[in-house]
Amino acid sequence: MTTASPLLAVRDLDVRYGTAQSLRGLSFDVFPNSTLAVLGPNGAGKSTLARALSGLVRPAGGQVRLDGRDITGKAPEHIRRAGLVHLPEGRGVFPTLTVTENLRMATACGRRQRAAAIERALEVFPVLAARQRQTAGTLSGGEQQMLSLARALTADPRLVVADELSLGLAPKMVDVVFESLRRARSAGVAVIMIEQFVGRALAFADHCLVLQRGRIAWAGEADRAEGELSRRYLGEATTA
């Protein structure tokens, strides 16, 4: 059991869409340099959780604290500046711009700071460093997700919320996505991973959270979760 203070502390988080309650009383922690896998069936509230953490959806109740600072209900720009970056479903790149131009678009600082931020991101992803002049639309799906993550790293985040980055990708490109996340974590970034490949997510993560109908159905260490999740919540077919 870790004694470190949590980087992200979520307490009694509720989210409603009109009269429908999407999330009910979620409480969990994410620690520095760790990965939390958020799993569950379609409609369980996983993407809603990502949007609530990043400010795209305003919580109806509860509290979200990042590194001790209350970010509950703050604007997405405020939350991003505080160090939480959300990578939603889809590849989040400008296909007609080059790799370097995409990275420049992700920064909002002076020229010298921008150059340093881009250099840091390319150090993490040397494949992109070799393709700086290539347009993003000509990259493979996995490489576009890599570029999306590299764009996030230019903001020097403390925590990345990765929502289904492997969705729709061929198996080899899924490998690229997981390697990209590994490199980001090695650079000191904590990760919340919403992922369809349960076995891969559990092998990668430190802790696991399973959502069902907007509630936490199970929580614990990832290396103790796979059997129970496969049997009780997700079905054997999703553990590939």
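Predicted model: local features only at pLDDT ≥ 70, side-chain atom pairs only at ≥ 80, totals over all residues.
Local features need pLDDT of at least 70 and side-chain atom pairs count only at pLDDT 80 or more, while totals for chains, interfaces and linings use all residues. Residues are numbered from 1 along each chain as its sequence is written, and side-chain values use heavy atoms, with hydrogens and water left out.

**Salt bridges**
- The structure holds 6 salt bridges, each a side-chain nitrogen of Lys or Arg within 4 Å of a carboxyl oxygen of Asp or Glu.
- One of them joins arginine 11 to aspartate 29, with the closest N and O atoms 2.8 Å apart.
- This pair links strand β1 (residues 8–17) to strand β2 (residues 20–30); strands are DSSP runs of E of at least two residues and helices runs of H or I of at least four, numbered from the N terminus.
- Aspartate 175 pairs with arginine 200 at 3.0 Å between the closest N and O atoms.
- Because aspartate 175 lies in helix α7 and arginine 200 in helix α8 (residues 198–204), the pair ties together parts 25 residues apart in sequence.

**Helices α6 and α7**
- Helix α6 (residues 141–153) packs against helix α7 (residues 171–186) at about 15 degrees, with axes 8 Å apart; axes are lines fitted to C-alpha atoms over the stretch in contact, and angles run from 0 to 180 degrees between N-to-C directions.
- The two helices are therefore roughly parallel, a term for angles under 35 degrees.

**Alanine 225**
- Alanine 225 has 0% relative accessibility and so counts as buried, meaning under 20% relative accessible area (1.4 Å probe, protein chains only).
- Alanine 225 sits in the loop between β10 (215–221) and α9 (226–234).

Key: Buried < 20%, exposed > 50% of the residue type's maximum accessible area, 1.4 Å probe, protein only. Parallel < 35°, antiparallel > 145°, perpendicular 65-115°, else oblique.
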